[in-house]
2 protein chains.
Amino acid sequence: MTRALILGGGMVGSAMAMDLARDADFAVTVADRDPDALDRLTRAYGVSTERADLGDPAEIHRLAAQADIVLGALSSAMGMQTLRTVIETRTPYVDISFMAEDPLTLRDEARAAGVPIVVDCGVAPGTSNMIAGYAVAQLDPCEELEIFVGGVPAQRRWPFEFKVGFAPIDVIEEYTRPARVVEHGQVVTYPALSGIEHVDIEGLGTLEAFNTDGLRTLAQTLDVPTMREKTMRYPGHADKMRVLRECGFFCEEPLDIDGVQVSPLSVTAKLLFPMWTYEDGEVDLTVLQVTARGKKDGQDTTLRWDMIDRYDPATGFRSMSRTTGFPATVVARLIAADRFTEPGLHPPEVLGAKPGLLDEILEALAQRGIEYRFSAS
Amino acid sequence: MTRALILGGGMVGSAMAMDLARDADFAVTVADRDPDALDRLTRAYGVSTERADLGDPAEIHRLAAQADIVLGALSSAMGMQTLRTVIETRTPYVDISFMAEDPLTLRDEARAAGVPIVVDCGVAPGTSNMIAGYAVAQLDPCEELEIFVGGVPAQRRWPFEFKVGFAPIDVIEEYTRPARVVEHGQVVTYPALSGIEHVDIEGLGTLEAFNTDGLRTLAQTLDVPTMREKTMRYPGHADKMRVLRECGFFCEEPLDIDGVQVSPLSVTAKLLFPMWTYEDGEVDLTVLQVTARGKKDGQDTTLRWDMIDRYDPATGFRSMSRTTGFPATVVARLIAADRFTEPGLHPPEVLGAKPGLLDEILEALAQRGIEYRFSAS
């Protein structure tokens, strides 16, 4: 029996709890500050719960001491501090928080802790990194790597045709932070929302893809001369966001409005975020495309993975929660079963490069309804 | 010698001052609260000036007592109060202020004053009304009247491709106030910014035209079963404005932002209005199209007037100031010369309906560089 501690009982933490609770090999505890969320989880999945302020490192220490493995499902703002604290507890950790900081700066601490720590283990970053790690191991050389990912509502509503399955402020961050891409082996930056192109998605129609800062660890860990990550939305979304951004509506810097200091972003958030929030039961879609180009046995080869996933009415979980939470529970199982034991801090591309591991992970995701279609040409 | 008093020394008041000062028959005084503006006017055109708070009716009384005719070039917010006060002084008045209130409600007071009072006497409303009044007098019946008007910068700059030659808050008002149009003889309303269509302008290219609430007095004074007024901008402008409006960025109603009450419009104004402000010497364009359809001698007839005007480098006056200010100075001359003497409150369509008057007015505007091209078919 593996004692699993899930940090955070939000949408993604709940999907993790549901998935692990179905498994007789796991005893699941979810920690959160919100007693209502915890009550719901106990009733729905029979998991144990701990009410705790996870912003307090002492609480993380207390809870991790009773766990064999920890899964992180906290907000991006809490990600780095939580990672540092869990490493101190020397407990294996699988985290999905999309932290702004570079987790690889904690490599030495993680190695010293002597347990496996997997970060960025959601969908993208996450499964996309595993696929990238696999593709680079398959090709010799891998010349180009392209990751297109997006979450959109099934129902397109003017003007933005967009809702978000995680914290909307993190979307604004995606739309403002300069996008790092790799060209000719060098990291170069483009403005976010630039480089718009159209992508036809089988079964969905046309989306647009634009530069966002999503390569993260891949830019450091993989030796591929051309790498880019783009975010996908329904066509027209990026231009509207660019208008708002370039006019200053995303600025945190306060303006003086008749003697009162007001951040334009705070007003924008108040106006837009309610429009960007999914209704209960509303259908969302997650789309991921990873394309790797290079040589295999001296031949030009393109490896391609396509995933399109949608809201699951059976469990009531949105696609974004499932595609983000399940890679982490799948990897937690691999660690619990000693299928992945390497001590230290690992981005998911490390797992993808291990022989056989990607197939096993994608097979486990398929069992959970998330299907990656592979093609080689 | 006619003593003319110009209320307001802004861009339009300055254009009026320049135009009347060239005329040996006029002694011109400009009143404004800004001494710098008055200094510039004295140096440039040799006019007399009076520093005065024109929000104070007593000041209007004091100044009008020394004038034979008054020209109004104040902001829309001050328009109605000033009109009421000038009527009390029993001085002939020609006003261009785009007041939100209905000036026709002061008809009785104006008739009792026994002098001619002409309101809405700019470009549109203004010249457009004169043309409309003329067209309705020519056709029997006039079945349809269409007024398309717009002011845009010559240089199109993303995202709005727009600047404004008057108070930008009045533009937001145009984009939010429901647009009254006449259909089947009934006044009906459409949302502002609706009904977008493309219009090809000879020598300029394609603009878009959309519903705004610009018919004003025409909806009451003319018996035409179909009347509409649309505002023109470069294509794409209206949709961007609709996004901002529908998201709430034009709302005056305050939001609670972390305990502080903030009107979204005040933030939007702070961000956008600097982008909408012309640089010194920057070229603006004014475009006006008036089309009247009906019968003449029993034959289907279309009367059409086209005007395109631009910044005048010789005088440094933008087109919007000239096309707005000169109709008022031309009408002031007609009143001073006893060519128009009818006591009471008149919208400009009344002048257009007088035999010979429209030709005389358009000829005077042409002498000032503002050319209306007429065609009948």
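F374(A) is partly exposed, with a relative accessible area of 44%, whereas W305(A) is buried at 2% (buried is under 20%, exposed over 50% and partly exposed in between, using a 1.4 Å probe and protein chains only). This is a predicted model, so local features need pLDDT of at least 70 and side-chain atom pairs count only at pLDDT 80 or more, while totals for chains, interfaces and linings use all residues. Residues are numbered from 1 along each chain as its sequence is written, chains are lettered from A and ligands numbered from 1 in the order in which they are written, and side-chain values use heavy atoms, leaving out hydrogens and water.

Back to those two rings. Over all chains, the structure holds 15 aromatic pairs (rings of Phe, Tyr and Trp, the last by its six-membered ring, with centres within 6.5 Å; planes under 30 degrees apart are stacked, over 60 edge-to-face and the rest tilted). One of them joins W305(A) and F374(A), a tilted pair at 4.8 Å centre to centre with 45° between the planes. W305(A) belongs to strand 16 (residues 299–310) of chain A and F374(A) to strand 18 (residues 372–376) of chain A, so the pair ties together parts 69 residues apart in sequence. Helices (H or I, at least four residues) and strands (E, at least two) are DSSP runs, numbered from the N terminus. Elsewhere, F160(A), F162(A), F273(A) and W276(A) make up one aromatic cluster.

Rings also meet charges here. The charged end of R242(A) sits over the ring of W158(B), 4.3 Å from its centre (NZ of Lys or CZ of Arg within 6 Å of the ring centre and within 35 degrees of the ring normal). R216(B) places its charged end over the ring of F98(B), also 4.3 Å from the centre.

Next comes helix 3 of chain B. Its buried residues, in the run 57–64, are E59(B), I60(B), L63(B) and A64(B). They cover an arc of only 125° around the axis (taken from the directions from the helix axis to the C-beta atoms), which puts them on the same side of the helix. An α-helix has 3.6 residues a turn, so residues three or four places apart point the same way. The buried residues of helix 3 pack against strand 1 (2–7), strand 2 (26–32), strand 3 (48–51), strand 4 (69–72) and helix 4 (76–88) of chain B.

In helix 6 (residues 127–138) of chain B lies S128(B), which is buried at a relative accessible area of 2%. Beyond its neighbours within four places in sequence, S128(B) is in contact (heavy atoms within 4.5 Å) with V123(B), I147(B), L288(B) and V290(B).
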